[in-house]
Structure formats: structure tokens, C-alpha cells
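Subject: Structure handover and what I found

Hello,

Here is the structure I promised to pass on. Please open it and keep it beside you while you read my notes.

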Amino acid sequence: MVGDLEFERPAKELRSKIAELKRFMDEKGIDLTDELQRLEERLEKVEKEIYGNMTPWDRVQLARHPERPTTLDYITTLFTDFLELHGDRLYGDDEAIVGGIAKFHGKPVTVIGHQRGKDTKENLRRNFGMPHPEGYRKALRLMKQAEKFNRPIVCLLDTKGAYPGMSAEERGQSEAIARNLVEMAGLTVPVICIVIGEGASGGALAIGVGNHVHMLENSWYSVISPEGAAALLWKDSTQAKRAADTMKITAPDLLDMGIIDQMIPEVEGGAHRDLLKQASLIETVLKSSLDELSKMTSDELVAHRYEKYKKIGQYTFENDSIGVK
């Protein structure tokens, strides 16, 4: 399979042997069914061992898999009648963020997400999924439109972070992200966020303030990438694996800490192995979330979001003021 990762090497070697044996059987007309069955049973056992004992760094690598489904893959699979909307009405259209109106189970929703490319040409066009300020302003424009017409909002997170270049700073990157955080906190419609790949820093959080936050099993979500953390802590970005092992950035860790609401299981070997099956697993969780949140009033939705984020972390109350430990 294209894009096999280092920790998957034992399974890759077995798959190659199985493919070679099948070719030999076809070419020579020799029946080696028993040997083929033994190899396939061994492959099944090896895959269960590999994918059942993944380290945080292994999950980071799967989140970055070049064939991993993107936001548009899920939009076309999960939703119908998608109409993409463009531009922030201030500067331009940022293709690193896509969004628009669609239907989910026949009901209108607004869906927004980071979009990376499938090849070098598309990655350059979409800036490798790293938005400029106009991307976040476009996202906010669509969210406010959804609020006006009482449509639930679904955000799909998958970015290495907001674009760190001079052009982004000149156009107000930090202000755009901060404004999104404030505005999303007060939206009066249901907001559901799903981390489908990489969820790095404020670039992800800028469309990640929701009533429910879910993560795919092999995604990660953090204030900084493992490479960035390693460069800060040990002055050596090659220590990324060490950083990933200590940062608690994977879905199982964040679920344990109460930062996310649900971990969505992945197809064995990663979401790229079967898009339709993975979309079905997401669909189940998304429908459940929408059903639950749709029963709340506007005031209840805002209060629910406030309580959700207030519970994250540890606090102490002194003299009616709040201090963070």
C-alpha cells in the first residue's frame, strides 16, 4: 500500500509476500492455497498487534498519512447538496478553509473545515491546509450566517496550524483567531467540532470551540506540534517522538482528561483504508450529537458551551476571584 509507515513495516512485508505468492500461483497454475491462508492469518495477527499497541507518535504519523481523507472527502460522503461559499468580504478567499451549506439527513447545516491538498500542486494552492486571517474570517462569516438562519454548525479540524508567515501577521492573524474564539463561544446554534487529522495550535482552535468536540482515534490535538515542543524544550526538533509520548495529545489521552467528548473509532490501519466505513462511523456520532443539541434552546446552548470549557483545567476560588493553578 502506498504510504505505509515505519511502524507498519512488518505488515507491509507480509502483504508483499502474499501479493507475490498470488502472482506465482496465477503464473504457474500451482495451488498453494494452504500456504496463502497461513500468510493471511499471520498478517491478520500482526496487524492486530501493530494497531492495538500504537504509541502516541504512531498516531501522529497516521494523522499525517498522505492518503488520509480530507474535509472535502468527508463533506461529499457525509452530506448532500453541498454549496461551497467563498471569501471573507474583506480581503479574499483562503482555500485552506472550505465551507458552505449542506444537508445532513435532510436537514440544513453549515459545514466548515481545514482543507489540505492531495498532491504537491494542490497543497501549494491550499497552503498545505494552513489558513491566513481571511480563512478564519470566512469561517466566522459562515458561522454568523448559520446563526442568522438557525442552522447547526459542523467544523472539521485538520491543520498543522495557522500560517506563520509575515503576510498573515500583516493582515491580523492573531486578531482573527481571537475573534473567532470569542464569537464561537456565544453562538446560539449547535456547534459540533471533529478533529479528523492534525489539530495544531490556535490554527485548529479558531474553528474548534463547540458544544461537542470529537476526535478520530488516530488524530491529535494540541497547543503545539511535537516538533515545536521538542524545539522549545530540548532545542532539538528531532526529539518529536519523545515530545509526543509526553504531551498527552492523542484522542485516548484527551478523552481521559475530559477535553474532548467522544473518540470516534477508526478503521483498522487508519481512516485512509476505507473512507466509506470511516464516514459511517463519523455519521453515527454526528447524528447523535445533533439530536442531543437540537433539543436545547439558544440560551441553553451558550450556557452548555460555557460550562464545558469552564470544567477544563484546575481552578481555585479566592475572594470571589478566579485564579488558575
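First, the ground rules. This is a predicted model, where local features need pLDDT of at least 70, side-chain atom pairs count only at pLDDT 80 or more, and totals for chains, interfaces and linings use all residues. Residues are numbered from 1 along each chain as its sequence is written, and side-chain values use heavy atoms, with hydrogens and water left out.

Now the terms. Helices (H or I, at least four residues) and strands (E, at least two) are DSSP runs, numbered from the N terminus. Buried means under 20% relative accessible area, exposed means over 50%, and partly exposed is in between (1.4 Å probe, protein chains only). Contact means heavy atoms within 4.5 Å.

Helix α10 covers residues 226-234, and its buried residues are Pro-226, Ala-229 and Ala-230. Looking down the α10 axis, these buried residues fall within an arc of 100°, so they line one face of the helix. The arc is taken from the directions from the helix axis to the C-beta atoms. As a general point, an α-helix has 3.6 residues a turn, so residues three or four places apart point the same way. The cover over the buried residues of α10 includes α3 (56-63), β7 (220-222) and α11 (240-247).

Phi of Lys-235 is near 55°, a positive value in a residue other than glycine. Most residues other than glycine have a negative phi. Lys-235 counts as exposed, at 71% relative accessibility.

Asn-127 also has a phi near 55°, positive in a residue other than glycine. Its place is the loop between α5 (120-125) and α6 (133-148). Is Asn-127 buried or exposed? Asn-127 is buried, with a relative accessible area of 18%.

**Helix α14**

Helix α14 spans residues 298-310. At 1.5 Å a residue, its 13 residues should span 18 Å, and its end C-alpha atoms are 19 Å apart, which agrees. The expected span is 1.5 Å times one less than the number of residues. The buried residues here are Leu-301, Arg-305 and Lys-308. They fall within an arc of 65° seen down the axis of α14, so they line one face. Asp-299 and Tyr-306 are exposed on the other side of α14. Among the elements that cover the buried residues of α14 are α8 (173-185), β5 (191-200), β6 (212-216) and α13.

**Two helix pairs**

Axes are lines fitted to C-alpha atoms, for helices over the stretch in contact, and angles run from 0 to 180 degrees between N-to-C directions. Under 35 degrees counts as roughly parallel, over 145 as roughly antiparallel, 65 to 115 as roughly perpendicular and the rest as oblique.

Take α4 (residues 71-78) and α13 (residues 275-293): their axes come within 10 Å and cross at roughly 75°. The two are therefore roughly perpendicular to each other. Asp-73, Tyr-74, Thr-77 and Leu-78 of α4 meet α13 residues that include Leu-275, Ala-279 and Ile-282. Ala, Val, Leu, Ile, Met, Phe, Trp, Tyr, Cys and Pro count as nonpolar, Asp, Glu, Lys and Arg as charged, and the others, Gly among them, as polar.

Next, α3 and α11 pack at about 105°, with axes 8 Å apart. This pair is therefore roughly perpendicular too. From α3, Pro-56, Trp-57 and Val-60 meet Ala-240, Lys-241, Ala-244 and Asp-245 of α11. By class, that contact has 5 nonpolar, no polar and 2 charged residues.

Glu-47 is in helix α2 (residues 33-51). It is buried, at 13% relative accessible area. Beyond residues up to four places away in sequence, Glu-47 touches Ala-11, Arg-15, Gly-52, Glu-268 and Arg-273.

Asp-119 lies in the loop between β3 (107-114) and α5. It is partly exposed, at 41%. Asp-119 and Glu-67 are 52 residues apart in sequence and 9.7 Å apart in space, C-alpha to C-alpha.

Glu-217 is in the loop between β6 and β7. Leaving aside neighbours within four places in sequence, its contacts include Arg-59, Ala-251 and Met-263.

Best wishes
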